Amino acid sequence: PRPFRPLPAAWAMLATKEQEEDFQRFVRRVEEISDLVQGLSSTDPAVKEKALAETEKRLHDQERSQEEEESRTVVNRTVINTQPSDTASAEAVDTEDFLAMLEKDAKERAKRRKRNEQLANALKEKGNDAFRRGDYVLAIQRYTEGLEKLKDKQELYTNRAQAYLKLQEHEKALGDCEWALKCNEKCIKAYFLMGKAHLALQHCREARQCYEKILQIDPQKENLFKECMKEVDLEEKRLRDEERALEEAECGKLAALSIRELLQRLEQPGQHLLYYAGGIRLLAEAVKDCTQQTLFRTNNGFSILQDKEAVRGGFCAERKSTAEVELSVSLLVLWQAVCAGNEENQRLLLAQPDVNAQLPKLLASGLAEIQRETLALISLYSESENGRRLLVKHQDLTRWLQILMMFVSSPDARAGKAMKILADLTEEERFRAQCRVRLSTDVLPLFSQLLSCAKVEKGRALSQCIGIMGNLCADRVLRLQMAEARECWQGCLRLLEEHSAVSTAEDQQCVFAVLGLMMNLLLEASVLSQDLAVDISGRCMSLLRDKDGRIVTRATGVLSRILAASSSAAEAAVGAGLVKKMLKILKAGGEITSNYALKTLSICTRRSRQAQEELVKADKAFRLLLKLLDSENEMIVANAAFCLGHCLAVPGAAASLLGSSVVKVLLRHAAADATRAAVQDNAAIALGKLCVAEPRHVLQLRELNGLAILNSSIKYLPST
């Protein structure tokens, strides 16, 4: 193993040994003079005296050195120093003169440095512009010019190293990283680029140590560290695989020889497309393990499209003949064989320009056999994190959501495979960002159409598609676009309306998914959702009778959000018997459903006197609400207290609680240090309303010494 060299002597490629020694002498002189100035300014007499003596000694030595230099004359000397040294004057320089000289020199140096730094920064920006344009040679030139102005500017070294890496000049990149670390020993970018350079040179051990140094400097870079270490792991695996494959080939193993022989046969020019298709099929069958995948790679198997114009033409043809279809399918099957579980081969395949360009076209080709194999190939990437990143890096995925969504109506396995790929891709933030481009114009019209045809095409793929759209709502930009699309809401409502006519297992799964999507969309307040609030709440009210408890839970969740956005929807729901339905759900239990139901009741009792009266009549002496106030779920407690406070406005409601534990319970919550401030606030408000509505509760409050607690709680409530 190669020893790790944090600062190896590779910088001779960038500067001479003399330049390095000069740089080090310069740094030492600056440090020595800085120590002298600090000593001369010290309040400690001993330190000051020692510094003064050292200063006088340095001045005397300097003058003596000058005299010796002047005394060395040669025959052909053309310039003679005619200014005699004034040793006596030098010896007479006192501390104040020396300090003044140093101060003047420091100011001049600072002025020159400031001017040079401005020039260096301007050259750095020019280099950055060239780098962004892909002109790495010009970028290196500008960074080099900047270093001539300011040789200790770390950013110029790391930027130039990055440009060198782009040009595959890894040793030069290492040298620049080492210089950057001389300027700043904790430069994370320098260690990162140094690790990249070492990895490109197959120095895996050194690359690991560079990345470990990043984590030591900044523990917050753990994600970057893990990604870098994974790259090292992959490189080490690649090297091991290639070494093992080479050994098998040298030993003359049949499997290794067959890969080489088949690739050689495919090199024969002027053959019919079916000849190549057949050979590619045989090659796919021969690739059975990692060693054979590696042999395919090391024997330039991925160059088949570049080297064979006939193969390339057949694969890239827009309207494919039967032979071209067979060729394309054979290639897709081969790539599945060589890429399955092999991340290096996956990377190389997507690095092929023709493959990148053709993948979306093959998906949209309408040819079932090609589509099946293309989906199978893409799924090899989407099922792993590294594969998904490769797709996002190499592919323009802006149209993929629309293309893959079109498979929902496919009657065979293509639909499920396409939805699985989409579900995997939605985990990638960069994929969600790319979906923003065409969501409103292309995707939502198609999605609405699929929902409208759901009576015919309801199935697992459709429910998966709806779930994927719900997952995309994690991106707020996408969520806003969907929430503001009338066609999306109308499609959801049509699907819910058809639920009463068709009630299969697939149908229920679609309804469940649509309700989840609607809950996500209602996280955004929009004029459109307010306009449709009555229709939405009406559909959800009818679903409260469903036998599927999951559907009841989500329908209640939608109600808890839509009724908060519309007074008219809340009034209509109360008129349709909402209060009794919510109380029935609360009695049945279930924490999530109870949360939604209680929030719905809180909204309605705040908006509607009818809801207050119905709750008081249906929940005798508030037995159910009192039970909920003892819940360990703070959200339930907060909403129960909120709901109770509204209902105390009904005549006789507060009196019905005389003799109960309500004062004690509310006081406990008002005084408790709850995680949710709403628990304390709502409990205090309900307790205050209780005492106002029925003064006899004040007696119990006094007995519990609760007036001070109540006054304190009310004091800190936000004003309304």
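Visitor: How many residues apart in helix H10 are glutamate 235 and arginine 238?

Guide: They are 3 residues apart, which separates them by about one helical turn. The model is predicted. The general idea is that side chains of opposite charge can pair when their charged atoms come close. Here the side chains of glutamate 235 and arginine 238 meet in a salt bridge, with N to O at 2.6 Å.

Visitor: Are glutamate 235 and arginine 238 buried or exposed?

Guide: Glutamate 235 counts as buried because its relative accessibility, 12%, is under the 20% limit. Arginine 238 also counts as buried, at 14%.

Visitor: How many salt bridges does a search of the whole structure find?

Guide: The search finds 33. One of them joins the side chains of glutamate 227 and arginine 389, at 3.5 Å from N to O. Glutamate 227 lies in helix H10 (residues 222–250) and arginine 389 in helix H20 (residues 385–394), so this pair ties together parts that are 162 residues apart in sequence. Glutamate 227 is partly exposed at 39% relative accessibility, and arginine 389 is partly exposed at 29%.

Visitor: Which residue forms a salt bridge with arginine 609, and how far apart are the closest N and O atoms?

Guide: The partner is glutamate 613, and the closest N and O atoms are 3.6 Å apart. Both residues belong to helix H36 (residues 609–618), where they sit 4 residues apart, about one turn of the helix. Arginine 609 has a relative accessible area of 40% and is partly exposed; glutamate 613, with 42%, is partly exposed as well. Elsewhere, salt bridges that share partners join Arg208, Asp233 and Glu236 into one network.

Visitor: Next, helix packing. At what angle do helix H16 and helix H17 pack, and how far apart are their axes?

Guide: In general, two packed helices are described by the angle between their axes and the distance between the axes. For H16 (residues 322–339) and H17 (residues 343–350), the angle is about 145 degrees and the axes are 8 Å apart.

Visitor: Which residues in H16 and H17 meet?

Guide: From H16 come Trp335, Val338 and Cys339; from H17 come Asn345, Gln346 and Leu349. Sorted by class, this contact has 4 nonpolar residues, 2 polar residues and no charged residues.

Visitor: Now the rings. How many aromatic pairs does the structure hold?

Guide: The structure holds 5. A pair of aromatic rings is described by the distance of the centres and the angle of the planes. For tyrosine 275 and tyrosine 276, the centres are 5.5 Å apart and the planes stand at 75 degrees, so the pair is edge-to-face. Tyrosine 275 is partly exposed at 30% relative accessibility, whereas tyrosine 276 is buried at 2%.

Visitor: Why is the pair of phenylalanine 296 and phenylalanine 302 edge-to-face?

Guide: The planes of these two rings are at 85 degrees, and edge-to-face requires over 60, so the pair falls in that class. Their centres are 5.1 Å apart. Phenylalanine 296 is buried at 0% relative accessibility, and phenylalanine 302 is buried at 8%.

Visitor: Which charged end sits over the ring of phenylalanine 512, and which over the ring of phenylalanine 315?

Guide: Over phenylalanine 512 sits the charged end of arginine 550, 4.3 Å from the ring centre. Over phenylalanine 315 sits that of lysine 320, 5.9 Å from the ring centre.

Terms used. Residues numbered from 1 in each chain as written. Predicted model: local features only at pLDDT ≥ 70, side-chain atom pairs only at ≥ 80, totals over all residues. Heavy atoms only, no water. Salt bridge = Lys/Arg side-chain N within 4 Å of Asp/Glu carboxyl O. Helix = DSSP H or I, 4+ residues; strand = E, 2+ residues; numbered from the N terminus. Buried < 20%, exposed > 50% of the residue type's maximum accessible area, 1.4 Å probe, protein only. Axes fitted to C-alpha atoms, helices over the stretch in contact; angles between N-to-C directions. Contact = heavy atoms within 4.5 Å. Nonpolar A, V, L, I, M, F, W, Y, C, P; charged D, E, K, R; others polar. Phe/Tyr/Trp six-rings, centres within 6.5 Å; stacked < 30°, edge-to-face > 60°. Lys NZ or Arg CZ within 6 Å of the ring centre and 35° of its normal.
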